[in-house]
Amino acid sequence: MPRGRYIVMDGDGNDVGTEDFRCAAGPMGWRYFSDIRSSQPGSPDMIVDLAVDARWRPVRTRIHSGSHDVLLIAEADRLSGSRDGEPVEVPFGPHTHLDYASPAYSAVSCLRLEGTSEIEVVLLHAVTCEPAVERRRYELLGDEEVATPVGRFAARRWRCTALATGRSRDLWIAHDIVVAYEGTFALDMFS
């Protein structure tokens, strides 16, 4: 079972915390669990739990963000569950992706895609877990070796662009792990 730690950054490369994770293939597909610790005063610690099927399609996610809890399960054409004990339903078609402030969600999106694509994403906003739908472009840039604080990895490089804002970031995935994510996450420990 792979285990590791990310340095969590603010988007501009400044450290704001850590994310300790473990992930593994399971009977459904793949599961990722992490504890996110903030170094910012007053910022909550978080728990992320994501399970996907054998095609990398999210089937369940649970997030505890300190002040909010969300549990969502993919059912037919929607995500349904609860946010802070209140029922939630969000449209979620077979080609819709899911995102939250953890590299696991980006890894899952990239592993679902066969190449460059524009996709619809249900984004659960950091801390509040409020869902919003946005369009993104994932661009496959190719295979390359990337250096990280824990060594070099043969990885697949992607560029993720939020189409509404034009903001882009490059990320590198080796097997099922994000090993580098420009200005956002840095793999700091891995075993």
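How many helices and strands does the chain have? The chain has 1 helix and 15 strands, where helices (H or I, at least four residues) and strands (E, at least two) are DSSP runs, numbered from the N terminus.

## Basis of the model

This is a predicted model, in which local features need pLDDT of at least 70 and side-chain atom pairs count only at pLDDT 80 or more, while totals for chains, interfaces and linings use all residues. Residues are numbered from 1 along each chain as its sequence is written, and side-chain values use heavy atoms, with hydrogens and water left out.

## Overall form

Along the principal axes, the C-alpha atoms fill a box of roughly 45 × 40 × 40 Å.

Of the 191 residues, 47% count as buried (buried means under 20% relative accessible area, exposed over 50%, partly exposed in between, with a 1.4 Å probe and protein chains only). Among contacts (heavy atoms within 4.5 Å) between residues at least 6 apart in sequence, 40% join residues at least 24 apart.

## Charges and salt bridges

The chain carries 21 positive and 29 negative side chains, and the centres of the two sets lie 3 Å apart; Lys and Arg count as positive and Asp and Glu as negative, without His and the chain ends, and each charge is placed at NZ of Lys, CZ of Arg, CG of Asp or CD of Glu. The count of salt bridges comes to 20, a salt bridge being a side-chain nitrogen of Lys or Arg within 4 Å of a carboxyl oxygen of Asp or Glu.

One of these joins Arg 157 and Glu 144 at 3.5 Å, N to O. The pair links distant parts of the chain, with Arg 157 in strand β12 (residues 151-162) and Glu 144 in strand β11 (residues 131-148), 13 residues apart. Arg 157 is partly exposed at 22% relative accessibility, and Glu 144 is partly exposed at 30%. Asp 170 forms a salt bridge with Arg 159, the closest N and O atoms being 2.7 Å apart; here Asp 170 lies in strand β13 (residues 168-174) and Arg 159 in strand β12, 11 residues apart. Asp 170 is buried, with a relative accessible area of 4%, whereas Arg 159 counts as partly exposed at 27%. Elsewhere, salt bridges that share partners join Arg 31, Asp 49, Arg 60 and Arg 62 into one network.
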